[in-house]
Number of protein chains: 2
Amino acid sequence: MEVQFLGTGAGVPSKERNVSSIALMLLQEINEIWLFDCGEATQHKILHTSIKPRKINKIFITHMHGDHIFGLPGLLSSRSFQGGVDELTVYGPKGIKSYISTSLELSGTHLTYPLTIIEIEEGKVCEDNNFIVTCKQLEHGIPCYGYRIIEKDLPGELQVDKLKEQGIPPGPVYRDIKENDTVTLSDGRVINRKDYIGPNKKGRVISILGDTKETWQNQSFVEGSDLLIHEATFDQEKVELANDYFHSTTAQAAQLAKDSNVRRLLLTHISSRYQHDDVPQLLSEATQVFSNTELVYDLYHTRILRNDMER
Amino acid sequence: MEVQFLGTGAGVPSKERNVSSIALMLLQEINEIWLFDCGEATQHKILHTSIKPRKINKIFITHMHGDHIFGLPGLLSSRSFQGGVDELTVYGPKGIKSYISTSLELSGTHLTYPLTIIEIEEGKVCEDNNFIVTCKQLEHGIPCYGYRIIEKDLPGELQVDKLKEQGIPPGPVYRDIKENDTVTLSDGRVINRKDYIGPNKKGRVISILGDTKETWQNQSFVEGSDLLIHEATFDQEKVELANDYFHSTTAQAAQLAKDSNVRRLLLTHISSRYQHDDVPQLLSEATQVFSNTELVYDLYHTRILRNDMER
Ligand SMILES: [Zn+2]
Ligand SMILES: [Zn+2]
């Protein structure tokens, strides 16, 4: 499970930061890539990564502001041009269907793959064998959602030593024991899996919020996340500006991470008013509140490890 | 009068070439910049030029394919974000109005400047004191236009030596003579301007075609252009592919330039199948037919001089 940022700016692209898009790479888990938002030139940024557009099969849109959606028609077209055939599903607020279908129709774009567009409401967005995604409305002046990606717990390891103690030698039977509640051995003994399996491996939780002003109502939604990705459009001095424009500051994002027992915080959606030199100050405003914070940049890439592993 | 290419690729962006957009810079003439097409990430390319989005006040769209229009909503929004207040007019085929208004409405974009969108038909597109723009349908499977930008002739130089011979000394009267058909001097003599003015300075003509397959019908439209900008999606070996997909080859574009007495040809809209190393071969296919040809690249920039001046 890895995350790569394709755009970390706010509102307009700059030479340093493109507008919003985040790739959640679930290649080891389910051989899929999920995008969160798709600002203009997301497909251009992808050219500088290892991401194959045909591997992207879910796109989650947080809200309809242009810096979060204007790259969608181009990405969808290019995925087709490059011979993508696997189904792609786009989840987003009301209006996303009309935006995509109008853009594709008027440009005469015929996709080579099935495209499903789902307009979401608060609650469960989708579920497969490995993941559940839920969403919650944030406070951004227009409908805007945060997504919580919940990895299901994995069964624990087979306790090989214990099996050997009972005189059960390694062999295909070990897989039978792992995959079935009970197994009858050739000698007639009945083995209950629960007696020979370690504790579940806790699934990871990633919360990716769209643009939002500070509100205590986001707390329970991101509670206990292994990773929280949060906007930090403004520095702490501009807290009123942030409030007026339905955005957050560095320190506000850090406070949410702290109050919600998050393990790790990544700050993105940085206003183009800030230059490279401003980053240390922005970051320190956050780390003073919540130390395990990073302020990311375009093409920043990281692995999301389980709670019990070192980062 | 200068031209800069913001994207010289076809269909999909590559690391080397972005999708289509061309800036015609008329800063010395009328302090305006005109764009021809606006593929995705045109505004990103502009960040690497001296072009100010607020100076762009006309955008001409050749056709509705995504690689020619998907950068429009973002450019229009950012021009607003950056405080543009001057009117902007977009000219394009039927559908352009619906595309732009849907994108802006659904993204909640409110522009700070007046935007006019005009759906064009063959014939005159617009005219001001200095320029006339006309358009013609090409052959591209969907409605697709070429634009001919005609600079109006400028009056010739005042023949100062001849005035002096007649005993008329330099002074404000020279400007009167230049600006009026007849002037009565203080001594009662009547001066006819036509007797003291050199020949008109011929205005320049630039033809910028959208995507098109080869057809003799484009000849009269580009006839005598000082500069022809033409697509060359394919090399000469792929002439059938070009035909099937309503595109042109290198040599076909050169043949049109030759047959139409064009002075100079710039080839663009190069398929992403070609790499940097293929350029010499592509170019030589064209120069064998029409020697004054260049194959342009992203951010290529050139001045368009008058016929009587060196390039
Ligand atoms: Zn927003
Ligand atoms: Zn086309």
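**Two copies and a gathered site**

Let's start with the pair of chains: chain A can be laid on chain B with an RMSD of 0.2 Å, using a turn of 179 degrees and a shift of 0.1 Å along the axis. That is how a two-fold axis relates two copies; the superposition is by least squares on the C-alpha atoms of residues with pLDDT of at least 70 in both. The same surface serves both copies, as 100% of the contact residues of chain A recur in chain B. Within chain A, the residue that comes closest to the rotation axis is Ala41(A), with its C-alpha at 2.8 Å.

A word on the ground rules: this is a predicted model, in which local features need pLDDT of at least 70 and side-chain atom pairs count only at pLDDT 80 or more, while totals for chains, interfaces and linings use all residues. Residues are numbered from 1 along each chain as its sequence is written, chains are lettered from A and ligands numbered from 1 in the order in which they are written, and side-chain values use heavy atoms, leaving out hydrogens and water.

Now turn to His63(A), His65(A), His140(A) and Asp211(A), where UniProt, in an unreviewed entry, places the feature "binding site". Such annotations may be inferred rather than shown by experiment; the positions are given in the numbering used here, and feature names are shortened. These residues span 149 residues in sequence, yet no two of their C-alpha atoms are more than 10.3 Å apart, so they gather at one spot.

Look at His140(A), in the loop between β9 (131–137) and β10 (145–151) of chain A. Strands are DSSP runs of E with at least two residues, helices are runs of H or I with at least four, and both are numbered from the N terminus. His140(A) has 4% relative accessibility and counts as buried (under 20% relative accessible area; exposed is over 50% and partly exposed in between, with a 1.4 Å probe and protein chains only). Its contacts (heavy atoms within 4.5 Å) include His63(A), His65(A) and Asp211(A).

His65(A) sits in the loop between β5 (56–60) and α3 (66–69) of chain A and is partly exposed, at 21%. Its side chain makes polar contacts with the side chains of His63(A), at 3.3 Å, and His140(A), at 3.2 Å. A polar contact is a pair of N or O atoms within 3.5 Å; within protein, one must be able to donate a hydrogen and the other to accept it, and residues adjacent in sequence count only if both atoms are side-chain atoms. Among the residues that His65(A) touches is Ser107(B), from the other chain.

How values were computed: Lists of a residue's contacts leave out its neighbours within four places in sequence.
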